[in-house]
2 protein chains.
Amino acid sequence: MKKSLGPKTIVFPTPVFIVGTYDKEGRANAMNVAWGGICCSSPPCVAISLRRATYTYGNIVENKAFTVNIPTENFIKEADYFGIVSGKKEDKFAKAKLTPKKGEYVYAPYVEEFPLCLECKLHSTLEIGLHTLFIGEILDVKAEKDILDQEEVCRIEKVKPLIFSPTDIAYYGLGQHLGQAFSIGKEIA
Amino acid sequence: MKKSLGPKTIVFPTPVFIVGTYDKEGRANAMNVAWGGICCSSPPCVAISLRRATYTYGNIVENKAFTVNIPTENFIKEADYFGIVSGKKEDKFAKAKLTPKKGEYVYAPYVEEFPLCLECKLHSTLEIGLHTLFIGEILDVKAEKDILDQEEVCRIEKVKPLIFSPTDIAYYGLGQHLGQAFSIGKEIA
């Protein structure tokens, strides 16, 4: 017997995306976003949702570009800090001692120290309510060599991404490998 | 020094959402979706992306409703099976020995045996490319009592959700608690 909790934003897992943008003066900013995910395979696209009040919102509207950066567990403090302070008020990259590197394909900075970075060109925008959905077309994925295996496949267990839980407002790590998709369910099929 | 992998759909983590719908004949169907996530806090909304070819696509267009169900690790085989076979061909609920329960607020079935189920009314639709984005307004979250704590907060470590990795096409479990959000980064702020 299930209990109704009402209309709430509860799903597990949600990601920790650090979104990189430039402001009008060319200053790099980074923000922590949990409302997001891949939304199309072709063209490859990722969606992020932002409130209008954020500094990043204006930067994306201005430049039509952003990066999505995946922090490892080791950068939990920096990732969380990016969600606490607004880029209107301070230079978050400098304070976090991280390096904004200009994208190769878009006018947006990626986080040099993070293992996995996506360069995205704004594909479309959808006003939903409190949040606006920005869909970015992924023009390039940049990965540190030490997260790739011999076949150059990016390995989640080497990235050690943060996993966000919106109910207890906490970060978790990745657990163990449980099975292969399109495979473990064949027993039933 | 990062290596460019080109335009690919790589982010970590991605979720395992089991999406429940009814077809024109009122038969319950369930599908496995990794392209999705929360996309608005108010109204509370969740986005899922589907290819037009899927049975679920037609069902959502028809009924303007779906459920998002979060399986625990224990249901990894059933969850994977829902992604292997099309509902056009077989009764997936029956085959997986799971129970489709009619939603209280929308015309869509949720998975009775799963601990966390969201009832969603179609809010908007956006054609992107190969995938179509469906935004569902969450009208109710239903949770098993054993995933709630004393304050009735839904606990991710009790849900034990599956985490999908799109690169090695595999399921992972949840790891340990690493820190609280809006807190652990205050050292830097």
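This is a predicted model: local features need pLDDT of at least 70, side-chain atom pairs count only at pLDDT 80 or more; totals for chains, interfaces and linings use all residues.
Residues are numbered from 1 along each chain as its sequence is written, and chains are lettered from A in the order in which they are written. Local features need pLDDT of at least 70 and side-chain atom pairs count only at pLDDT 80 or more, while totals for chains, interfaces and linings use all residues.

A rotation of 180 degrees with 0.0 Å of shift along its axis places chain B on chain A, with RMSD 0.0 Å (least squares on the C-alpha atoms of residues with pLDDT of at least 70 in both). The two copies are thus related as by a two-fold rotation axis. Within chain B, Gly175(B) comes closest to that axis, its C-alpha lying at 1.9 Å.

Contact here means C-beta atoms, placed from the backbone, within 7 Å. On that basis 92 residues of chain B touch 92 residues of chain A. Strand β13 (residues 170–180) of chain B gives the largest share of its side, eleven residues; strands are DSSP E runs of at least two residues, numbered from the N terminus. The classes on this side are tabulated below; Gly counts as polar and Pro as nonpolar.

| Class, side of chain B touching chain A | Count |
|---|---|
| Nonpolar | 54 residues |
| Polar | 22 residues |

Strand β11 (residues 131–144) of chain A and strand β1 (residues 2–6) of chain B run antiparallel, joined by four bridges. In this pairing (at least two DSSP bridges), Val141(A) stands opposite Gly6(B).

Leaving aside neighbours within four places in sequence, Val46(B) is in contact with residues including Val11(A), Cys39(B) and Leu118(B).

Conventions:
Two residues are in contact if their C-beta atoms, placed from the backbone, lie within 7 Å.
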